[in-house]
Amino acid sequence: MRSRDITEYITLQTKNTTYQIGISSLGFLFHLYYGPKTEGKADYLLTGRDRGFSPNPYEKKEDRTYSLDALPMEYPSYGNGDFRSPAFNLRTSMGVFGADLRYRSHRRTEGKYSIPGLPAVYASAQDSYTVEIFLEDETAQVSVVLKYGVLPDLDVITRSVSVTNTGRETIYINKIYSASLDFLTGGFDLLHFYGRHAMERNLERFPILFGNQSFGSRRGTSSHQHNPFFILAESDTTEDFGSCYGMSLLYSGNFRMEAEKDQYGQTRIQIGLSDEMFDYPLMPKEEFHSPEAAMAYSGRGLAHLSHIYHKLIRRHVCRGKYRDCRRPVLINNWEATYMDFDGDRLIEIARQAAELGVEMFVLDDGWFGERNSDNAGLGDWYVNEDKLKGPLSRISQAVHQMGMKFGLWIEPEMVNEDSQLYREHPDWALVVPGRKPVMGRNQLVLDFSREEVADHIFSMICKVLDSAEIEYIKMDMNRSICNVYTATEGFQNYGQIMHRYMLGVYRFLDKLTTRYPDLLIEGCSGGGGRFDAGMLYYTPQIWCSDNTDAIDRIRIQHGTSFGYPISAVGSHVSAVPNHQTGRITPFRTRAVVAMAGSFGYELDLNRISPQEKEEVSRQIEDYKKYWDLIQNGLYYRLHNPETDKEAAAWEFLSEDRKRVLLNIVSLDTHGNSPVTYIRLKGLDPDKIYHLEGENSSYPGAILMQAGIPVPAELSEYKAWQYSFLRE
Ligand code: GLA
């Protein structure tokens with residue numbers, strides 16, 4: 001049976017993929033196809049049967065085979081007969097839920113759209129195009145634009161949605177997802193990344209079941225618990241083979257993703273703003289923009305899908321001076337001192353670090369207000385000169401004289417009750433009048449949805465930044481948000497404030513990056529609680545986790561690597577026994593693991609042995625030597641933490657396949673154990689690879705097919721780094 005009265009097709013082509021939408025004579029948008037590149041039309045896939053309790057549009061009441069409940073929809077809304085999870089829903093002033101969006105027109109323009117106030121993928125006019133589809137619900141008096149940004153060379157399609165109230169009454173947006181994808185069959189697995197503070201982004205893979213499986217955050221941040229990136233894969237897809245689709249949301253606040261297998265065994269996946277407690281009033285003529293989702297398809301397994309996202313984020317999301325260049329090797333004093341330091345102690349730590357080749361000293365929490373514990377001082381962004389024994393410029397100058405750059409920690413969104421700021425402006429905190437607030441780390445969240453609040457903090461922080469030479473900021477956010485109320489007239493309902501808060505944070509970051517274009521900003525939220533592509537638009541790297549234990553980090557960085565590039569991952573060598581796990585790992589192992597990221601140290605280098613000090617200098621040299629390969633090369637995961645218990649391994653490969661950096665860490669040791677072989681990936685099978693520092697050669701095909709044996713050594717958590725060059 002050919003065609004559900006499709007009258008027009010919108011086909012998005014990338015280098016290797018095709019995405020097709022069909023417009024029906026009634027103005028419905030059907031999703032026809034997303035997958036390997038093809039020409040031609042996919043509308044023959046649409047079938048129709050008389051399905052009980054799957055309703056029919058009024059115009060088709062005589063044709064009971066026509067139901068939106070069973071057909072693949074491009075942007076499903078509630079209320080027109082599709083009872084699966086909608087991507088869009090609104091409530092009119094009459095209190096009626098639902099929207100009946102019909103096609104009006106579409107247009108294609110060169111270049112990639114941007115989104116006012118929100119992070120978005122960017123690309124040059126030659127490298128991208130935009131398709132906008134204009135829809136309308138005449139009765140509800142609302143118009144909707146579906147935006148598609150296509151980056152053909154990267155095989156990426158981005159999506160965002162905007163809504164305008166064209167009527168005379170306020171309407172309320174209850175749900176507005178950025179992307180929804182329908183598939184005609186089941187049999188898919190979902191890969192998602194769950195976790196907790198200090199153990200973020202663990203991979204879980206499971207077959208999508210009948211009904212709805214959903215993940216998200218209601219914490220005000222994208223969260224440690226569920227990352228806004230996920231993968232839909234056919235059940236036989238592996239790292240190297242098979243079909244898979246990625247969806248990454250460029251948003252750092254409350255979000256939700258849903259995966260659903262419907263009554264007919266078809267699959268729907270969606271991502272966007274969380275609709276829970278979301279109730280966004282839209283005044284007449286007002287326009288609302290959803291965050292952006294970036295989709296990609298790989299027909300060559302999960303590794304290739306990750307490579308697409310790595311390039312996308314590195315080249316089309318991250319911005320600024322440090323986007324492409326090597327980030328300075330830093331030393332952060334947090335785990336060295338916590339808040340127990342003075343200016344002289346800092347200089348002592350910095351001096352030793354400088355002598356060993358570290359390039360930047362970062363002063364973490366505790367330098368401002370009365371901040372001597374985490375119970376006081378947030379909000380008081382003036383330098384504690386007693387503690388520092390002088391102005392901040394004293395430390396900064398000393399550090400610069402040692403030949404290093406200087407960086408500083410801030411947490412602008414927060415306030416302690418015990419602070420001057422709170423005593424002066426208690427109404428600036430997001431608390432519900434008459435109710436005792438829930439506390440997190442004994443701090444409250446400032447109402448960043450109010451411009452005057454965020455601007456006040458901004459100017460306090462600018463004063464500090466202008467008072468000394470500062471090249472780097474670590475911008476932290478250390479509690480989850482709940483029970484909110486804003487004093488802003490008209491904005492009180494919770495349904496909009498969490499999104500407005502996020503817009504306020506983005507506005508703050510935008511002002512910061514505009515005023516200080518050369519500043520390197522590292523994002524952070526108790527480590528990786530806001531590790532998402534939205535944040536990476538402003539901060540090209542993010543402190544990946546408060547867990548610096550090398551063995552735990554292997555797992556955290558493994559999960560992180562599915563959707564995010566190595567350059568985004570802040571990773572440090574810290575002291576042992578590790579402060580989070582108590583585990584003791586060799587110094588070299590900590591460095592090899594930290595080198596799979598933007599590299600640094602987080603300990604007092606005065607307290608390590610002379611041999612370890614020599615090692616630090618060598619590690620920094622190695623990092624400088626390999627950073628280009630690490631940051632810009634293809635990253636391959638060579639082990640699966642669920643099944644490979646003996647050793648972990650990962651590989652960096654230059655795009656021309658000439659340079660390889662193989663990293664191995666032994667995990668589990670046993671008496672008289674079998675040999676573990678690590679198989680490399682992506683090499684030139686016909687060429688010989690030479691191991692640096694050794695006069696032996698390794699055929700590419702054998703390295704990939706049989707692998708390389710993990711050396712037998714009687715010690716725990718040993719690390720090896722092998723650098724190969726192709727002949
Ligand atoms: C968070 C960060 C840490 C450190 C502390 C300071 O937990 O993730 O790295 O900066 O705050 O309070």
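## Around the ligand

An N or O atom in the side chain of Asn-478 sits 3.2 Å from an oxygen atom of the ligand. Keep in mind as you look around that this is a predicted model. Two further side chains reach ligand oxygen with a polar atom: for Arg-441 the separation is 2.9 Å, and for Trp-409 it is 3.0 Å.

How many residues surround the ligand? There are 13, and the closest are Asp-364, Asp-365, Lys-474, Gly-527 and Asp-546.

## Helices α3 and α5

Now to the helix packing, starting with the pair α3 and α5. Helix α3 covers residues 343-355 and helix α5 covers residues 392-401; their axes are 10 Å apart and the packing angle is about 15°. With angles under 35 degrees counted as roughly parallel, α3 is therefore roughly parallel to α5. The crossing of the two is right-handed.

On the α3 side, the residues that meet α5 are Gly-343, Asp-344, Leu-346, Ile-347 and Ala-350, and their partners in α5 are Arg-394, Ile-395, Ala-398 and Val-399. Sorted by class, this contact holds 6 nonpolar residues, 1 polar and 2 charged.

## Helices α7 and α8

Which way does α7 pass α8, left-handed or right-handed? The crossing is right-handed. Helix α7 spans residues 451-466 and helix α8 spans residues 494-515, with axes that come within 10 Å and cross at roughly 30°. That angle makes α7 roughly parallel to α8.

From α7, the contact draws on Glu-451, Ala-454, Asp-455, Ile-457, Phe-458, Ile-461, Cys-462, Leu-465 and Asp-466. From α8 come Arg-507, Phe-508, Lys-511, Leu-512 and Arg-515.

## Helices α10 and α11

The last pair is α10 and α11. The axes of α10 (residues 550-560) and α11 (residues 587-594) come within 9 Å, crossing at roughly 15°, so these helices too are roughly parallel to each other. Their crossing is left-handed.

Ala-550, Arg-553, Ile-554 and Gln-557 are the α10 residues in this contact, and they are joined by Thr-589, Arg-590 and Val-593 of α11. By class, the contact is made up of 3 nonpolar, 2 polar and 2 charged residues.

Definitions and conventions:
Residues numbered from 1 in each chain as written. Predicted model: local features only at pLDDT ≥ 70, side-chain atom pairs only at ≥ 80, totals over all residues. Heavy atoms only, no water. Axes fitted to C-alpha atoms, helices over the stretch in contact; angles between N-to-C directions. Helix = DSSP H or I, 4+ residues; strand = E, 2+ residues; numbered from the N terminus. Parallel < 35°, antiparallel > 145°, perpendicular 65-115°, else oblique. Left-handed = near helix turned anticlockwise from the far one by under 90°. Contact = heavy atoms within 4.5 Å. Nonpolar A, V, L, I, M, F, W, Y, C, P; charged D, E, K, R; others polar. Near = heavy atom within 4 Å. Polar contact = N/O pair within 3.5 Å; in protein donor to acceptor, adjacent residues only side chain to side chain.
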